[in-house]
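Please look over the sequence and the model below before reading on. The text then goes through a ligand site and a set of strands.

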Amino acid sequence: MHPAPPTVRPVHFWFRGQIQSVTDQPHTRTILQWLREDQHPYGTKEGCGEGDCGACTVVIGTRDDQAPEGLRLEAINSCIQFLPALDGKALFTVEDLAQDGQLHPVQKAMVDAHASQCGFCTPGIVMSLWAERENQNETPDREALCVTLSGNLCRCTGYRPILDAAQAAWKTPCGKLARGPIRQALEQLAAKPSLAYSYSDKHFYAPHTLEELSRLYASNPQARLLAGSTDVGLWVSKQLRELDDIIYLGAVEELKQIHTTPESLDIGAAVSLSDAFSALCTEHEGWGSLMTRFASRPIRNAGTLGGNVANGSPIGDSMPGLLALGGHVVLQRENETRELALEDFYLGYQKTALQPAEFIRTIKIPLVKSDKDGRHLFRTWKVSKRRDQDISAVCAAFSIKLDSLGKIKDARIAYGGMAAIPKRAFHAEAELIGQNLSEEVIRNAMRVLATDYQPISDMRASAEYRMQVARNLLLRLWYEFNERLMPEVIA
Ligand SMILES: Cc1cc2nc3c(=O)[nH]c(=O)nc-3n(C[C@H](O)[C@H](O)[C@H](O)COP(=O)(O)OP(=O)(O)OC[C@H]3O[C@@H](n4cnc5c(N)ncnc54)[C@H](O)[C@@H]3O)c2cc1C
Ligand code: FES
Ligand code: FES
């Protein structure tokens, strides 16, 4: 027999200098709807309603002992976040910035640099810059600011004056948030029992521990797991789907941890994409080129690695790299765990090996000992029409190990966008293993890619284009090996 469900209570979060208690809201009402329709400050705008344009950008504060005064501040898209997911957090909007009738330095810099025309994007841009300025003491260079603003679309002003304003905003040192009192308020919220929120006959649960989560899910296996809401949020905002009960993973501490063991990097399923990519880049520099190409800064702040893997989209961008590095997933159901190679996790188009009431607990990425001596090359590259905030036509990943004489000891190659699931290229791998690395050998592998994949044509790319790109990325790998990394090994 399962224990009684947790006692229902309101959603509590810090907003405008005090704790808000919210009831009587549908469990999938978005933060943006609540702000605009109930609270009526209209600074936060709605553009696309799907996380693309950044007009709805707000900043979320969460408890984090590593952050200044224990409060982490991050920009996210309020149009795809459900209000109950705010429980235990702090919410900041553009109305919080000006004090005593004086514009905040970020706002003033935007005015002075003529960085706003119609103004629709401006509150979102200001919030992204505000979060960055709170987190960075040194003025970032323009390239770094482009990453900060990668989720903020301006259609009329143009980015030159916006970047000028951004850099000018660091020149005035004042205007920093006093984080300590907010952290203390969140501390009090954290002491409350985990959230069980109810509206009509729908529930939103936010368990605090793995034990609570697995018990809840076992007693309600029809519930929808929710992590960063960057896929699920759109099912509601765009597809107008009615969701059943929701179990939110973002309050489960054990799922938000990253551990490095001698063998592997273990990333908890609810670790944000921002944190996961930082950890991945520390171990394998090859992730660097994907990190800033995956969605945008606010989506990476909210979305999780576990959500990307679980969603199992054929064009999901983390999976080719994880497959190439021999990643595993640790799955849990009640008290039982099992470990699967990632390639055994995907059974078909958006079909995974997850059983009812089973969830992803950890993603394990083996550490490659030869990574730092140049005999192992890992690269993952995404090709899409736009640089920022676009869906891959093809995403490729390669993990190639050489012996001291330049012979290929091991090769793992995986692609997204080439099949119904993220999938390894076994024929191309076999063509490489045991051969001395040379352009000819790479070109042979490029040819046999046609036996590994039969890509489809869709609005993003034709089948022919996809195959050509997939082949050319293998050639790019050869150039990286040949010219940059191992000229002394390759004859
Ligand atoms: C504007 C925009 C841009 C995007 N760009 C990219 C991109 O460039 N590349 C890319 O790959 N994706 C992209 N995405 C998709 C999305 O951001 C990613 O798939 C993200 O990693 C999903 O994680 P999440 O935590 O938000 O998942 P959620 O939306 O919370 O959940 C997604 C699915 O996974 C399930 N789930 C979540 N966690 C677990 C778990 N631990 N165990 C079992 N099931 C679980 C949920 O039930 C749901 O079915 C984009 C999305 C948006 C809105
Ligand atoms: S309204 Fe466009 S990202 Fe939210
Ligand atoms: S000022 Fe009009 S969209 Fe940016």
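**The ligand site and a run of strands**

In this predicted model, the shell around ligand 1 takes at least three residues from each of two domains, domain 1 (14–171) and domain 2 (257–482). There are 34 residues around the ligand, and those that come nearest are Leu-225, Gly-228, Thr-230, Asp-231 and Thr-304. By type, the shell divides into 16 nonpolar, eleven polar and seven charged residues.

Polar contacts can be followed one at a time. An N or O atom in the side chain of Asp-231 is 2.7 Å from an oxygen atom of ligand 1. For Ala-227, a polar backbone atom is 2.8 Å from a ligand oxygen. In Asn-308, a polar side-chain atom lies 2.9 Å from an oxygen atom of the ligand. Taken alone, ligand 1 exposes 980 Å², and the protein buries 92% of that. Two or more shell residues come from each of β8 (224–226), α8 (232–237), α12 (305–311) and β16 (359–366). The largest share, four residues, is given by α12.

Next, the strands. Is strand β19 (residues 408–416) mostly covered or mostly uncovered? Seven of its nine residues are buried, so β19 is mostly covered. Strand β18 (residues 394–402) pairs with β19 in the antiparallel sense over eight bridges. The two form a hairpin with five residues between them, and Gly-406 in the turn has a positive phi of about 90°.

β19 also pairs with strand β20 (residues 423–424), in the antiparallel sense over two bridges. Six residues lie between the strands of this hairpin, where Gly-417 takes a positive phi near 85°. Tyr-415 of β19 is the bridge partner of Ala-396, and Tyr-415 also stands opposite Lys-423 in β20.

Notes
Residues numbered from 1 in each chain as written. Chains lettered and ligands numbered in written order. Predicted model: local features only at pLDDT ≥ 70, side-chain atom pairs only at ≥ 80, totals over all residues. Heavy atoms only, no water. Buried < 20%, exposed > 50% of the residue type's maximum accessible area, 1.4 Å probe, protein only. Pairing = 2+ DSSP bridges. Near = heavy atom within 4 Å. Polar contact = N/O pair within 3.5 Å; in protein donor to acceptor, adjacent residues only side chain to side chain. Areas by Shrake-Rupley, 256 points an atom, 1.4 Å probe, with all protein chains shown as cover. Nonpolar A, V, L, I, M, F, W, Y, C, P; charged D, E, K, R; others polar. Domains from an automatic or database assignment.
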